[in-house]
Amino acid sequence: SDLHSYAACNIIQVLLVASIETSLIFQVRVIFADDKSRRFGLIFTTMAAALGLATIGMYFYSAIRPIITLYDESAENYPTYFNVALILLASSINFTTFLLVIKLIFAVRSRRFLGLKQFDSFHILLIICFQTLLVPSLLFILAYSLPENKNTDFLIPIATLMVVLSLPLSSMWATAASNVFKPSLSSGFSPSSCGFSSGSDSLQSSTK
């Protein structure tokens, strides 16, 4: 029963990583959904999909191989594959974080060009911390840059948990259009307010 529980946990982790990668690929695709950046969107979406498929494949292999080893009662260990899977997961998250931060920069720039109210510092800080996956990206980097004897292994599951909790917010930011403030013909102007829609009386009064 312990082996069955271990195997089930490994497969659930693979499914969790697959869900994360699917969401990240969708976010990259949505960021470049407009016609002007469709070519860049195709390139970046292809890169994100390649990273995602490689990550899922490595996680699946690193989950299946220990299960086979335990059922065969073998003493073999494959930490390299799991480390590669973690590096690929961190790389895909860092890649999406970079694109989301670039989207924030262009959003601030476009709002300034359109003369709209700027994001205040607190608003920008909230977007960076909670909607661009910056915090989990930093945790992944710290987990690999700090020495192992500092007990930094716990940063990896914490970073994964923060990615899962931040996915709804980052998806909202990815789907938020930064160029929706365009001039529109239906901006509150009504011909009747100038006296041209209620017949000849209004026309005469307008002429007077």
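**View 1. Contacts and overall make-up of the protein.** Among contacts in the protein between residues at least 6 apart in sequence, 70% link residues at least 24 apart. The model shown is predicted, and its protein has seven helices and zero strands, so that, as DSSP runs numbered from the N terminus, the elements read α-α-α-α-α-α-α. Of the 208 residues, 32% count as buried, while the accessible surface comes to about 13,400 Å², with 67% of that surface belonging to carbon and sulfur atoms.

**View 2. The largest nonpolar core.** This core holds 33 residues, and those with the most contacts inside it are Tyr-59, Ile-93 and Phe-140. The elements that each supply two or more residues to the core are helix 1 (2–31), helix 2 (38–71), helix 3 (79–113), helix 5 (134–145) and helix 6 (155–175). Helix 3 gives the most, with eleven residues.

**View 3. Surroundings of Phe-140.** When residues up to four places away in sequence are left out, Phe-140 touches Leu-89, Ala-90 and Ile-93, together with Ile-156, Ala-159, Thr-160 and Val-163.

**View 4. Helix 4 against helix 6.** The axes of helix 4 (residues 121–131) and helix 6 come within 9 Å and cross at roughly 125 degrees, which means that helix 4 lies oblique to helix 6. From helix 4, Ile-127, Phe-130 and Gln-131 meet Ser-166, Leu-169, Ser-170 and Trp-173 of helix 6. By class, this contact of helix 4 with helix 6 comprises four nonpolar and three polar residues, and no charged ones.

Key
Residues numbered from 1 in each chain as written. Predicted model: local features only at pLDDT ≥ 70, side-chain atom pairs only at ≥ 80, totals over all residues. Heavy atoms only, no water. Helix = DSSP H or I, 4+ residues; strand = E, 2+ residues; numbered from the N terminus. Buried < 20%, exposed > 50% of the residue type's maximum accessible area, 1.4 Å probe, protein only. Contact = heavy atoms within 4.5 Å. Areas by Shrake-Rupley, 256 points an atom, 1.4 Å probe, with all protein chains shown as cover. Core = buried A, V, L, I, M, F, W, Y, C linked by side-chain atoms within 4.5 Å. Axes fitted to C-alpha atoms, helices over the stretch in contact; angles between N-to-C directions. Parallel < 35°, antiparallel > 145°, perpendicular 65-115°, else oblique. Nonpolar A, V, L, I, M, F, W, Y, C, P; charged D, E, K, R; others polar.
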